[in-house]
Amino acid sequence: MSRSIIPAGGDMSDDEDAGLDAGHGRSPGATGRLFPDAKLVTPASGLFSLDRYRPLRNLVVLMLGSGPIVAPTARLLRQLAVAHVEIEAEDGQIVVIAANTPAQWRAGWPYAFPLAFDVGATLHRRMAAVDSAGRPDVALFITDRFREIFAVLRPRDARWPTSARDVIEWLTFINIQCPECNPPEA
């Protein structure tokens, strides 16, 4: 897997740089930017906080737009479901965040990982998970257990659609980077 999902710094225009402000990094690996905590709504209209996983789990956050789930994203969801146990073995937690309300969500949720709703798409906008017209769109964020962002993928990126295998490789990479998580080699 190439670690070039996040562009290297120094060769971006100011316009490109402005578009990266909400969660993108400038170097492969840790970006120094955190995925924010958010109070989200569950399908049963309860509250859900990403902070519940900190500092216990690396996060795989798949943000969905407000429209129907398109084929590449549906394929990724199915792959993540199949790889769920392997992702958990890498201390990963998958969280899917839709830019809808529970009432707008007509489909059932067949997956073992949580679905939450970004009512008003505030988190989508904050993380630049929007299309060129500013509408909520799909984005995948992979963070360490402290929510530092290591990878960001969007449909407009060359590496989209990504695969569950790529997600697992990122989680493995994150775990290798975490001195608090692994004892040093003798």
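Okay, one term before we start: two strands pair if DSSP finds at least two bridges between them. Keep that in mind, because strands β6, residues 139–143, and β7 pair in the antiparallel sense over four bridges. And do remember that what's on the screen is a predicted model.

So, the overall picture. The protein chain has five helices and seven strands. Walk along the sequence and you get α-β-β-β-α-α-β-β-α-β-β-α. There are 186 residues, and 47% of them count as buried. If you take contacts with a separation of 6 or more, 65% come from residues 24 or more positions apart. The accessible surface is about 9,200 Å², with 53% of that belonging to carbon and sulfur atoms.

How far can we trust it? The average pLDDT for the chain is 81, and 78% of the residues score at least 70. Residues 1–28 are the part to watch: there the pLDDT is below 50, although the stretch does have 49 contacts in the model beyond near neighbours in sequence.

Back to our hairpin. Five residues sit between β6 and β7, and R147 in this hairpin takes a positive phi near 70°. Strand β7 covers residues 149–153, and five of its five residues are buried, so the strand is largely enclosed by the rest of the structure.

Now look at I142. Its bridge partner in β7 is A151. Leaving out residues up to four places away in sequence, I142 touches L59, E148, I149, F150, A151, V167, W170, L171 and I174.

That takes us to the nonpolar core. The largest one has 29 residues, and I142 is among those touching the most other members, along with L62, L80, I87, V96, L140 and V167. Which elements each supply at least two residues of this core? They are β3 (58–64), α2 (71–82), β4 (92–98), β5 (115–117), β6, β7 and α5 (164–177). The largest share, seven residues, comes from α5. Apart from this core lies another, of 19 residues, including M63, V95, I97 and A129. As a bit of background, nonpolar side chains in soluble globular proteins tend to be buried together.

Last stop: the loop between β6 and β7, where we find R145. Is R145 buried or exposed? With a relative accessible area of 9%, and buried meaning under 20%, R145 is buried. And what does its side chain contact? The side chain of R145 makes a polar contact with the side chain of D91, at 3.4 Å, and another with the side chain of N175, at 3.3 Å.

Definitions and conventions
Residues are numbered from 1 along each chain as its sequence is written. This is a predicted model: local features need pLDDT of at least 70, side-chain atom pairs count only at pLDDT 80 or more; totals for chains, interfaces and linings use all residues. Side-chain values use heavy atoms; hydrogens and water are left out. Buried means under 20% relative accessible area, exposed over 50%, partly exposed in between (1.4 Å probe, protein chains only). Contact means heavy atoms within 4.5 Å. Accessible areas come from the Shrake-Rupley method with a 1.4 Å probe; for residues, only the protein chains shown count as cover. A polar contact is a pair of N or O atoms within 3.5 Å; within protein, one must be able to donate a hydrogen and the other to accept it, and residues adjacent in sequence count only if both atoms are side-chain atoms. pLDDT is the predictor's confidence in each residue, from 0 to 100. A nonpolar core is a set of buried Ala, Val, Leu, Ile, Met, Phe, Trp, Tyr and Cys residues joined through side-chain atoms within 4.5 Å.
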